[in-house]
Amino acid sequence: MSSAQPQAGSLHSSPAATFRRKVLDLRSQGRTIVDMTAGDLDFPTPSHVVEAAIAAVRAGDTRYTNVDGTPELKDAVREHFRRQNGLEFERSEIIVSNGSSQAIATAFAVTLKPGDEVIVPSPCWATYYGQARLAGGVPVPVPCAQNNGFKLRPEDLASAITPRTRWIVINNPVNPTGAVYTRAELAELCDVVRPHPEVRVIADNLYEHFVFDGARAVTPLEAAPDLRDRMVTVGGVAKSYSMMGWRIGYAAAPANFVAEMTKVQYVVTSCASSVSQAAATAALTGPQTVLTERLAILQERRDLAVSLVNGCEGLSATSPEGTFYLCISCAGVIGKRTPQGRVLETGEDVSDYLLGAAGIALLPGEGYGLPRYVRMTFAVPTEHIHEAGRLIGQGCAALT
Ligand SMILES: Cc1ncc(COP(=O)(O)O)c(C=O)c1O
């Protein structure tokens, strides 16, 4: 692990958490705000998962577990990889962490030396930057153009690789754009990585179950099995099973790499919660119908959100292939004037305006490397989406 400290001020709060403070302030002043910013789902944790947690507590399953996770959960994760990706792992190749966030940060911590570079396709979940910096690394955002579906192009990856590159992050599907890489696209990216033995791939599959229109999210290891020694495949139960607060993630990697990650995790948090691990085991081994049922609901909500947003003057959104976020282009309202006389120049301006004037909270895209966009979740009840469409429409219509 690197001994370097991140420079003061190099870490940032979550854009969603920062923005939510504005929402809470307004609510405390008595304003009604429709909050479309959250990164979690409105669905409850499935009841059989809750029951498993209660049973674990009652059975006294409240002690430290192995740092790298209970054998039961590791086996459940192995079964998950077999079912979802056709990938086989040994128990020694799995680590259970406090959310997938911790697995990513730990993987960086065991490898990065000061100045080592981590390539992050942008727009992205900007937490990767902080996770790289925390380990002494330097995040290198590589812009992914809208006309390529916000996906990383092999030629752009090739020119971003330097002798200091140690990682490339592949989030599939992508938060915030909802882009989904195909197997062929991942294979092409892996072709670029292959001749660079110092470069590893970290695959973040957190939204793997939120892929619409019958498609399936592929993980890079499926596309390039020969790079197995250089791949860390990360997942978690947070989004898939509506278990955001239970804090269970996991990673699959070569056994020696998992052993190094375990040492780091031991000194940082030790094991993940024993009760949450029992719950996650139930989620991964229990009925999986909840995934397809909820996906169907989300697909309807997505279609509704896209059509309502596209009905708002000056805004446009294409249908995301995955995740539960809609990236809304504000191009048609940039340059317009609010009733208070302010000219809108950024996604942040648009988001501030709609919050104040229309009582609707949308996250500025700037925090995700997506200027002049706002991000809207559709993992909320349908009536909130209708209300959001109405309020955004009113707000846009008042611009001149
Ligand atoms: C792309 C992505 N990866 C990882 C995470 C972290 O998830 P977890 O709750 O498993 O730590 C998030 C959370 O929003 C995310 O959007």
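**Ligand contacts and domain interface in a predicted model**

A polar side-chain atom of Asp-204 is placed 2.6 Å from a nitrogen atom of the ligand, a polar contact being a pair of N or O atoms within 3.5 Å, where within protein one must be able to donate a hydrogen and the other to accept it, and residues adjacent in sequence count only if both atoms are side-chain atoms. The structure is a predicted model, in which local features need pLDDT of at least 70 and side-chain atom pairs count only at pLDDT 80 or more, while totals for chains, interfaces and linings use all residues. Residues are numbered from 1 along each chain as its sequence is written, and side-chain values use heavy atoms, with hydrogens and water left out.

For Tyr-207, a polar side-chain atom lies 2.8 Å from an oxygen atom of the ligand. For Arg-247, an N or O atom of the side chain is 2.7 Å from a ligand oxygen atom.

The protein chain is divided into domain 1 (15-44 + 290-397) and domain 2 (47-286), with bounds that come from an automatic or database domain assignment. The C-alpha centres of domain 1 and domain 2 are 28 Å apart. Contact (heavy atoms within 4.5 Å) links 26 residues of domain 1 with 27 residues of domain 2. The size of an interface is often given as the accessible area lost when the parts come together. Here domain 1 and domain 2 bury about 2,200 Å² between them, and 61% of this is on carbon and sulfur atoms; buried area is the accessible area (1.4 Å probe) that two parts lose on being put together, summed over both.

Across the interface of domain 1 and domain 2 the rule finds one salt bridge, defined as a side-chain nitrogen of Lys or Arg within 4 Å of a carboxyl oxygen of Asp or Glu. The side chains of Arg-302 and Asp-213 meet in a salt bridge with an N to O distance of 3.1 Å. On the side of domain 1 that touches domain 2, the elements giving two or more residues are helix H11 (289-310), strand E9 (325-329) and strand E12 (373-377); helices (H or I, at least four residues) and strands (E, at least two) are DSSP runs, numbered from the N terminus. H11 gives the largest share of this side, seven residues. The residues of this side of domain 1 comprise 15 nonpolar, six polar and five charged, where Ala, Val, Leu, Ile, Met, Phe, Trp, Tyr, Cys and Pro count as nonpolar, Asp, Glu, Lys and Arg as charged, and the others, Gly among them, as polar.

The structure as a whole holds 24 salt bridges. In one of them, the side chains of Arg-91 and Asp-75 meet at 2.7 Å, N to O. Arg-91 lies in the loop between helix H3 (71-85) and strand E2 (94-97) and Asp-75 in helix H3, so the pair ties together parts that are 16 residues apart in sequence.

Backbone geometry was also examined. A cis peptide bond joins Asn-172 and Pro-173, with omega about -5°, and Pro-173 lies in the loop between strand E5 (165-171) and helix H7 (183-193). Asn-175 and Pro-176 are likewise joined by a cis peptide bond, with omega about 15°, and Pro-176 is found in the loop between E5 and H7. Phe-150, in the loop between strand E4 (138-143) and helix H6 (154-160), has a phi near 60°, a positive value in a residue other than glycine.
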